[in-house]
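Open the structure in your viewer and keep the selection panel at hand. The stops below are given in the order in which to select them.

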Amino acid sequence: MSLSTLVSTHAAQAAGICGDVRERPWCDTRLSADKRAGLVLARLTLDEKIALLGGDELSGAAGGEGTHTGTSNGLARLGIPTLYFSDGPVGTRQGKATQMPSPLAVASSFSTSTARATGTVIADEARKKGNHVVFAPGVNIGRTPLNGRTFEYYGEDPYLAARMGVGFIEGIQSQGLIANVKHYAVNNQEGEGYAVPGSPLGVAGEGNRLFVNAILGERALREIYLPAFEAAVKDADVGTVMCAYNRINGTYGCENEHLLVDILKREWGFKGFVLTDYGAAKNTLNSLNNGLDLDIWPGFVYNPIAVRALVATSQVSTDTIDDHVRRILRTMFAYGIFDAPAFRDDASRIDVAAHHARAAAIEAQGMVLLKNSGSLLPLRQRSTRTLAVIGPEADLIRTGGGSSDVNPLRSVTPLEGLRTRLGASRVLYDDGSDAARAAAVARRADAAVVVVGDKMTEGSDKMAPTLNSGQMDGIDRDALIAAVAEAQPRTVAVLQSGGPVLTPWRSKVPAILEAWYPGQNVGTALARVLFGDAEPGGRLPMTFPRRAADLPTAGDRAAYPGIAGTVRYKEGVMVGYRHFDERRIRPAYAFGHGLGYTTFRFSRPVLRRGAGTLATVSFRVTNTGQRAGTAVPQVYVGMPSPGRGTPQPPKQLKGFEKMRLAPGASQIVSIDLDRRSFSYWDTAADGWRVARGCYDVMLARSSRDVTGWARAAWSADCGPGALTLR
């Protein structure tokens, strides 16, 4: 619910924050946001309207205390407040803030409430630093784990990304702020390049995000790359959308009429406003006429001289200008910006301790236990008299570069957390710079924890899906893990990686824990998970390949990073686990995989007609282990192909649930499947269609661990027991 909905229940203010309704009738809170925006618009001069189309701050993107990532000056004459904007997906990048776990870690939680809690913390701090809009969430799809911003998104599956994005937006907007879903659309690579030491951004050449032209079909666009944006608009009522740098089928994102006007504003009914990624506007005329409302940084393309000239020469109509301004004003009214006191920039009001604890709890929910041979984890504190903590990432916290590079208010590294847990005298530390020396340290301990990570940044992609790619310290992290595991049979490998990486040593290590880019309180979360106070609650939001050659785009430069500025999405809808399933390629660790410290049994799924939905799948989940734990049952649908030119993935995620159960406890779970769950995008008909045939509804622990099936039929005979959908 937007703040204005609450405000409008009160009587009109004779005089208040907005002003006296006799002089400013738009201050009447009983009126709709549309009506109020129209009243302001009627009082604006053309020059004032044009001034509202461009941002007004150049240096805030550096992230200094007391600045804002962006500013759009208001108009005192009519009481239009100034809007302040802030990064972002991991926390407000404005001086110091709580550095939250990366969005990929949040996606691993498979929990919309965890996504909502993350958004709530970030919004609370953004508000207390004087901002109105948060540049988050990012919901671009993990087409390749090489993407330098993989850590900033929610993985490879559009359904999971949609649900996580909706939860995050609800958290942001519950605090009276406006979320900004980004980067619209098909913004799935930074470009082939390298991270620059000391620079906040990488440098890219071929496939550079600023100019690359993504060529793809309408079906892949609709089924893979747009659903999370659609959910943000339709399910979460997101206030703003950020258009992307890249071109989509030949047209830049911030002047793409098909995306911004036809789909976003007309088809989906988006009522908010579209703003640019920083410097993403390329052409004043095309942007004005094709759907861009605000050129936020810092209004170079929507500068008053250029815009006035286009209006004067009738290349842009005054109605078009009015529509852009109306959207900005309407959004400000709808989310209460006119009716609340200006947010004060006062970081002293942040509950630092509570947010620090929340960061640890969320990180534990996102940690994924990939392997646990012999139930090595959880470690027993009494029997672990000495613990070797080894690795170049053991005493630091990995975070991605760019808009998620938050300066933390506090920090607890893995080493610090384990020393606090066991006592410094029981922890043997080695930085891993010499594998032989590290192995000797591990040999002296009762168990070893090797903490390694990769390096990812906005601005450039990784050259390979490995831990060592782009590292400048000369440490071979794969060799380090193998050496320690050979010396110490009780070794746990902990990964601080931005996305999936190759694990050539996985057969040598009994336990592997993926921590992602974990946020400022990783040490506390890691200690709790390793010693069993908390369970690793995560499931993989992206597939871990066995080989680099197994990735969908591997070996084809036209498919990635592109040739001569054009990248072709040849795989169509076969992204992530869909590709691995269709090609029958065995992954190292499958999408949706994740172990815990107990075991669960899923009953046979039963499919019935749902009340208000197409079908409901029900099943019982039972904790069959000796301790409480978390289950994440997943529902996939295998669809029939409507024709030779429309191949279908073997399965697609269409639902999931997360629950915590005591030992021996059971819970009945029901997951609704709506018409979209059984639909594909029919390019010829330009719409969603359900194909005639038989549908397999699968209950699973992961995309490769299906525990039960049910069958549904659409205008077909699918045998006894099949649920007739039509």
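Predicted model: local features only at pLDDT ≥ 70, side-chain atom pairs only at ≥ 80, totals over all residues.

**Stop 1: leucine 53.** Select leucine 53, in the loop between helix H3 (46–51) and strand E1 (70–72). Is leucine 53 buried or exposed? Its relative accessible area is 0%, so leucine 53 counts as buried. Now show its surroundings: leaving aside residues up to four places away in sequence, leucine 53 touches Leu288, Asp293, Leu294, Asp295, Tyr302, Ile321, His324, Val325 and Ile328. Draw a C-alpha to C-alpha distance from leucine 53 to valine 325; the two are 6.9 Å apart in space and 272 residues apart in sequence.

**Stop 2: helix H12.** Select residues 318–334, which form helix H12. From first C-alpha to last, the 17 residues of H12 reach 24 Å, close to the 24 Å expected at 1.5 Å a residue. H12 is mostly covered, with 12 of its 17 residues buried. Among the buried residues are Ile321, His324, Val325 and Ile328, which are also touched by leucine 53. Just after H12, select glycine 336, where phi is positive at about 80 degrees.

**Stop 3: helices H13 and H17.** Select residues 352–366 (H13) and 522–530 (H17); these helices pack at an angle of about 50 degrees, with axes 8 Å apart. That angle makes H13 oblique to H17. The crossing of H13 past H17 is right-handed. Show side chains for the contact: H13 provides Ala360, Glu363 and Ala364, and H17 provides Thr524, Ala525 and Val529. By class, four residues in this contact are nonpolar, one is polar and one is charged.

Key:
Residues numbered from 1 in each chain as written. Heavy atoms only, no water. Axes fitted to C-alpha atoms, helices over the stretch in contact; angles between N-to-C directions. Helix = DSSP H or I, 4+ residues; strand = E, 2+ residues; numbered from the N terminus. Parallel < 35°, antiparallel > 145°, perpendicular 65-115°, else oblique. Left-handed = near helix turned anticlockwise from the far one by under 90°. Contact = heavy atoms within 4.5 Å. Nonpolar A, V, L, I, M, F, W, Y, C, P; charged D, E, K, R; others polar. Expected span 1.5 Å × (residues − 1). Buried < 20%, exposed > 50% of the residue type's maximum accessible area, 1.4 Å probe, protein only.
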